[in-house]
Structures are given as structure tokens and as C-alpha cells.
Amino acid sequence: AVPRSVGSAVTRNRMKRQLREAWRRVLADVPVGHDYVLVARPGLVEPAQARGQDWLVSELTDALGRMRQ
């Protein structure tokens with residue numbers, strides 16, 4: 001979910017595409033049998049654009065690791 005507070009429609013749609021692609025890259029490491037909801041917060045757009053897709057994948061991997069603990 002990418003709320004309006006993240007930015008304009010163009011920015012939100014770009015963020016959705018980036019999150020979808022990052023999720024596809026970590027999907028093999030996601031435990032089966034659970035539902036997940038990704039919610040983009042307003043501060044996510046700038047670092048995601050500046051650091052790139054690999055950073056976003058790394059952040060998702062870290063979040064999944066924290067959830068397993």
C-alpha cells in the first residue's frame with residue numbers, strides 16, 4: 001500500500017513498481033502460509049530512489065529476518 005502522503009500519483013505508482021519488483025526478488029525467502037502487507041511510509045521514496053533497487057531488496061530481507069525472530 002502506498003498512501004497519498006507518499007507523494008503524487010506518479011511517485012506512488014513508481015514506488016509500487018519498485019516494491020513489487022523487490023518483493024519478487026525476495027519471494028524465494030518468504031515463508032509460505034502467511035500473508036504480508038507492505039506499507040510505504042512518506043520517508044521511503046527518497047532513499048529508494050537514491051540508493052536503488054538493491055537497497056530496497058536488502059531492507060525487505062532485513063524486515064523478513066526480524067519477523068522470523
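How many aromatic pairs does the structure hold? The structure holds one aromatic pair, where rings of Phe, Tyr and Trp (its six-membered ring) pair if their centres lie within 6.5 Å. The model is predicted, so local features need pLDDT of at least 70 and side-chain atom pairs count only at pLDDT 80 or more, while totals for chains, interfaces and linings use all residues. Residues are numbered from 1 along each chain as its sequence is written, and side-chain values use heavy atoms, without hydrogens and water.

The pair consists of W23 and Y36, with 5.6 Å centre to centre and 50 degrees between the planes, and is tilted; planes under 30 degrees apart count as stacked, over 60 as edge-to-face and the rest as tilted. W23 lies in helix α1 and Y36 in the loop between α1 and α2, so the pair ties together parts that are 13 residues apart in sequence. Helices (H or I, at least four residues) are DSSP runs, numbered from the N terminus.

Helix α1 comprises residues 9-26, and its 18 residues reach 26 Å from first C-alpha to last, close to the 26 Å expected at 1.5 Å a residue; that expected span is 1.5 Å times one less than the number of residues. Its buried residues are T11, R12, M15, Q18, L19, A22, W23 and V26. Buried means under 20% relative accessible area, exposed over 50%, and partly exposed in between (1.4 Å probe, protein chains only). Seen down the axis of α1, the buried residues fall within an arc of 135 degrees, so they line one face of the helix; the arc is that of the directions from the helix axis to the C-beta atoms. They pack against α2 (45-51) and α3 (53-68), whereas the face turned away carries the exposed residues V10 and R24.

In the largest nonpolar core, with 17 residues, M15, L19, V26, A40, L44 and L56 touch the most other members. Such a core is a set of buried Ala, Val, Leu, Ile, Met, Phe, Trp, Tyr and Cys residues joined through side-chain atoms within 4.5 Å.

Two salt bridges are present, each a side-chain nitrogen of Lys or Arg within 4 Å of a carboxyl oxygen of Asp or Glu.

| Salt bridge | N to O distance |
|---|---|
| E21 and R24 | 3.6 Å |
| R25 and D54 | 2.7 Å |

The pair of R25 in helix α1 and D54 in helix α3 links distant parts of the chain, 29 residues apart. E21 and R24 are three residues apart in helix α1, separated by about one helical turn.

Conventions
Helices (H or I, at least four residues) and strands (E, at least two) are DSSP runs, numbered from the N terminus. Contact means heavy atoms within 4.5 Å.
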